[in-house]
Amino acid sequence: MTKSKFSSDEKLRIIKMCEDRIDSIKSIASLFELSVTTLNRWRTKYRTGGSMALRNRTEWTRYPEELKMKAIRAVLDQKESLISATARFGISDRSYLRSG
């Protein structure tokens, strides 16, 4: 579980800047010292789960193996990207789908 230096309200404000096309995604990410990948992940979470999906987690989340396998199958069958599959199945991070 990673700790974000941004609250869910701050994340939402940054996402709104992207939606309002204040500047390019790359410029907005740079302004807040974020990677474009992180900003896009926030945007995907917001689109699929609303503002509640942006909240910072306070404890580890355990996902059922069946849920993780569904997400992995969606990626391996080339139906979805890893980012899209984790968002659709409500998995907080791609790292939960890594083998190991």
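A: **The core and its rings**

Happy to! In this predicted model, the largest nonpolar core has 13 residues, and those touching the most other members are Phe6, Ile14, Ile28, Phe32, Leu34, Leu39 and Trp42. Three helices, α1, α2 and α3, each give two or more residues to this core, and α1 supplies the largest share, with four residues.

Apart from its neighbours within four places in sequence, Leu34 is in contact with Phe6, Ile14, Ala29 and Trp42.

Now for the rings. Phe6, Phe32 and Trp42 form one aromatic cluster, and the count of aromatic pairs comes to three. Phe6 sits in the segment before α1 (8-19), while Phe32 is in the loop between α2 (25-31) and α3 (36-49), so the pair ties together parts that are 26 residues apart in sequence. Both Phe6 and Phe32 are buried.

Tyr63 and Tyr96 also make an edge-to-face pair, at 4.8 Å centre to centre with 80 degrees between the planes. Tyr63 lies in the loop between α3 and α4 (65-76) and Tyr96 in the segment after α5 (82-88), which puts these partners 33 residues apart. Tyr63 counts as buried, at 12% relative accessibility, whereas Tyr96 is partly exposed, at 22%.

Finally, there is a second, separate core of seven residues, among them Ala71, Ala74, Ile91 and Leu97.

How values were computed: Residues numbered from 1 in each chain as written. Predicted model: local features only at pLDDT ≥ 70, side-chain atom pairs only at ≥ 80, totals over all residues. Heavy atoms only, no water. Phe/Tyr/Trp six-rings, centres within 6.5 Å; stacked < 30°, edge-to-face > 60°. Buried < 20%, exposed > 50% of the residue type's maximum accessible area, 1.4 Å probe, protein only. Core = buried A, V, L, I, M, F, W, Y, C linked by side-chain atoms within 4.5 Å. Contact = heavy atoms within 4.5 Å.
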